[in-house]
Amino acid sequence: MNSKNLYLVDVTLRDGSHAVKHAFTEEQIRVVARSLDQAGVKFFEVSHGDGLGGSSLQYGLSFVNEMKLIEAAVDECRQSEVSVLLIPGIGTKDHLDEAAKLGAKMVRVATHVTEADVAQQHIQLGRELGLKTAGFLMMAHMAPVDKLVQQAKLFESYGAEIVYIVDSAGTLLPHQVKDRTAALRQVLTCDIGFHGHNNLSLAMANTIEAINEGATYVDGSLRCLGAGSGNTQTEVMVAVFERLGFLTGIDLYPIMDAANGVAAQIMQRPQEVTGTSLIMGYSGVYSSFLLHTQDAAKRFGVDERDILVELGKRQAVGGQEDLIFQVAAELAN
């Protein structure tokens, strides 16, 4: 493998919000942001787990207003830049404008893999605000490769500087990541990114496949702190990339210290492949459904695995959290 420059975007403070039920405090944000900045991480993401405007009964209420958290993270940055996530229909252009005024420098506009057309105005606003702007194709396993290519081309036509393949369910196998990334590389002129989840313990392997096929932006989280079994592990990626000759600009010891001395202190549970998260990857279910499913299983006295298998059969997507409880109630009867 030849040396190449990679951008590692850390999502501990956004995807990790799912794992702590959106209960990050300002001090936790500050200490993690400071440690990421000191380690040399170029971009890290701060938002509610479901993006700007996500604090709600449907998705989970934030303990602290996300704008206050974004402002705190920006204040800690000396070299890093803060990214935010925006899902059209949850976040608005006003949310993005406010985040930019607080100092955010990057936005990833996320849609279901077949719905890129709803993101045009948000991507265009990101560019107008001078933000590094990416399109985020979530649940990428739910569309055939030609459909994924079509949607990626829409993102690029709207002005996206990066198009991400997002394995929201942690269900893609390495050859599937390879095929999708290669297909995008053939038709796009913008950068390609990959965001993985570790529900089948394949996040690292999938990330490497994406890089080998031309991805230059990859996501990770400290100690895998993210939805489901978490994301590709940031500090492990840095070590592996160094061995492969990839350049990230991130220092290994400081990022290990950020993971084990900082992020580990705010984790509510080990980020490992459990029976529940394994079934999420097996069934292709959105990773952020994990804690909602566990709550529903307890309430209705049913096996959480049965809930997830049924959600997979129904092809549930983000935004259908209420379906989790409906399925649990049906299984209980």
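Close-up 1. Between domain 1 and domain 2 the count is 1 salt bridge, and the model in which it is found is a predicted one. The side chains of Asp295 and Lys21 meet in a salt bridge, with 3.8 Å from N to O. That distance falls inside the limit, because a salt bridge requires the nitrogen to lie within 4 Å of the carboxyl oxygen.

**Close-up 2. Polar contacts and residue classes where the domains touch.** Domain 1 and domain 2 also share 7 residue pairs in polar contact, counted where both residues have pLDDT 80 or more. On the side of domain 1 that touches domain 2, the residues divide by class into 8 nonpolar, 11 polar and 2 charged.

Close-up 3. To the contact, domain 1 gives 21 residues and domain 2 gives 21 residues. About 1500 Å² is buried between domain 1 and domain 2, with 57% of it on carbon and sulfur atoms. Within domain 1, the residues that lose the most area to domain 2 are Gln58, Tyr59 and Asn199, which together account for 27% of what that side buries.

Close-up 4. In an unreviewed entry, UniProt lists Asp15, His195 and His197 under "binding site". These residues are spread over 183 residues of sequence, yet they cluster in space, the largest C-alpha distance being 10.7 Å. Asp15, His195 and His197 are also included in the lining of the largest cavity.

Terms used
Residues are numbered from 1 along each chain as its sequence is written. This is a predicted model: local features need pLDDT of at least 70, side-chain atom pairs count only at pLDDT 80 or more; totals for chains, interfaces and linings use all residues. Side-chain values use heavy atoms; hydrogens and water are left out. Contact means heavy atoms within 4.5 Å. Buried area is the accessible area (1.4 Å probe) that two parts lose on being put together, summed over both. A polar contact is a pair of N or O atoms within 3.5 Å; within protein, one must be able to donate a hydrogen and the other to accept it, and residues adjacent in sequence count only if both atoms are side-chain atoms. Ala, Val, Leu, Ile, Met, Phe, Trp, Tyr, Cys and Pro count as nonpolar, Asp, Glu, Lys and Arg as charged, and the others, Gly among them, as polar. UniProt positions are given in the numbering used here, feature names are shortened, and annotations may be inferred rather than shown by experiment. On a 1 Å grid over the protein atoms alone, a cavity is a set of points where a 1.4 Å probe fits but cannot get out, and a pocket is an open set with protein on both sides within 12 Å along at least five of seven lines; lining residues have an atom within 4 Å of a point.
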